[in-house]
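Subject: Structure for your review

Dear colleague,

Please find below the structure I am handing over to you, together with its sequence. My findings follow it.

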Amino acid sequence: MTQPAAQPDQPARPATPAPQEIPAGWYADPEGRAQSRYWDGDGWTDQLGPLLTPAGPAAGTPSPMATFVPVTTDALGMPVSDRSRLAAALLCFFFGVFGVHRFYVGKVGTGLLQLVTFGGLGIWFLVDLVLILVGAFRDSRNRLLVNW
């Protein structure tokens with residue numbers, strides 16, 4: 001029987017390198033000072049930096065709740081109606097031939113006129129519905145219905 005050829009001693013290598021628990025990067029100083037310090041993956045280095053601030057929304061960005069604040073003025077700076085555009089659209093869709101949406105926004109005179117003419121024979125209330133949906137309908141004080 002033949003002996004296999006002797007191979008030089010090589011250290012055994014793991015198939016994959018051991019994962020590092022903490023990746024290299026800048027972290028708050030471990031000694032509690034108001035500065036940051038660099039961790040190279042094996043230990044703390046002598047590199048110092050400014051104190052890190054936690055990641056979050058920038059100072060100038062609006063909060064998500066700011067998108068739900070009702071609009072109080074239109075593009076020209078004029079005040080908008082406090083009446084709901086959604087309510088007016090639903091009233092117009094379901095009861096438009098009776099002029100109920102016009103009573104809702106305070107236009108009692110034209111509401112009565114729509115009531116006796118069955119919404120202008122069905123045409124007037126359709127025009128009103130389109131105006132409400134596109135945001136061009138106004139209340140009795142000539143303010144736009146903007147807020148849904």
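A salt bridge is counted here where a side-chain nitrogen of Lys or Arg lies within 4 Å of a carboxyl oxygen of Asp or Glu. By that rule, E31, R33 and R37 are linked in a network of salt bridges. Please bear in mind throughout that this is a predicted model.

Confidence

The mean pLDDT of the protein chain is 77, and 74% of its residues reach 70 or more. Over residues 14–18, pLDDT stays under 50, and the model has zero contacts beyond four places in sequence for this stretch.

Overall composition

The protein chain contains five helices and three strands. Of the 148 residues in the protein chain, 25% are buried. The accessible surface comes to about 11,200 Å², and carbon and sulfur atoms hold 65% of this area. Among contacts with a separation of 6 or more, 37% join residues 24 or more positions apart.

The sheet

The three strands form an open sheet in the order β1-β2-β3, with antiparallel pairing. Strands β1 (25–28) and β3 (44–49) stand at the edges; each has a single partner strand, so one side of each is left without a neighbour in the sheet. On average, neighbouring strands of this sheet are turned by 40° against each other, with direction ignored.

The pairing of β2 (residues 36–39) with β3 is antiparallel and runs over three bridges. S36 stands opposite G49 of β3, and W39 has W44, also in β3, as its bridge partner. Together, β2 and β3 form a hairpin with four residues between them. Within that turn, G41 has a positive phi of about 105°.

Salt bridges

How many salt bridges does the rule give? The count comes to five.

R37 forms a salt bridge with E31, and their closest N and O atoms are 3.7 Å apart. The relative accessible area of R37 is 14%, so this residue counts as buried, the cut-off being under 20%.

Another salt bridge joins the side chains of R102 and D128, at 2.8 Å from N to O. Which parts of the protein chain does this pair tie together? R102 lies in helix α2 (residues 100–104) and D128 in helix α5 (residues 123–134), so the pair ties together parts that are 26 residues apart in sequence. Are these two residues buried or exposed? R102 has 7% relative accessibility and therefore counts as buried. D128 likewise counts as buried, because its relative accessibility is 2%.

A further salt bridge is formed by the side chains of R143 and D139, with an N to O distance of 3.0 Å. Both R143 and D139 are buried.

Points to carry forward

For your own reading of the model, I would draw attention to two items. One is the stretch of residues 14–18, where pLDDT stays under 50. The other is the salt bridge between R102 and D128, whose residues lie in helix α2 and helix α5.

Yours sincerely,

A colleague

Methods
Residues are numbered from 1 along each chain as its sequence is written. This is a predicted model: local features need pLDDT of at least 70, side-chain atom pairs count only at pLDDT 80 or more; totals for chains, interfaces and linings use all residues. Side-chain values use heavy atoms; hydrogens and water are left out. Helices (H or I, at least four residues) and strands (E, at least two) are DSSP runs, numbered from the N terminus. Buried means under 20% relative accessible area, exposed over 50%, partly exposed in between (1.4 Å probe, protein chains only). Contact means heavy atoms within 4.5 Å. Accessible areas come from the Shrake-Rupley method with a 1.4 Å probe; for residues, only the protein chains shown count as cover. Two strands pair if DSSP finds at least two bridges between them. Axes are lines fitted to C-alpha atoms, for helices over the stretch in contact, and angles run from 0 to 180 degrees between N-to-C directions. pLDDT is the predictor's confidence in each residue, from 0 to 100.
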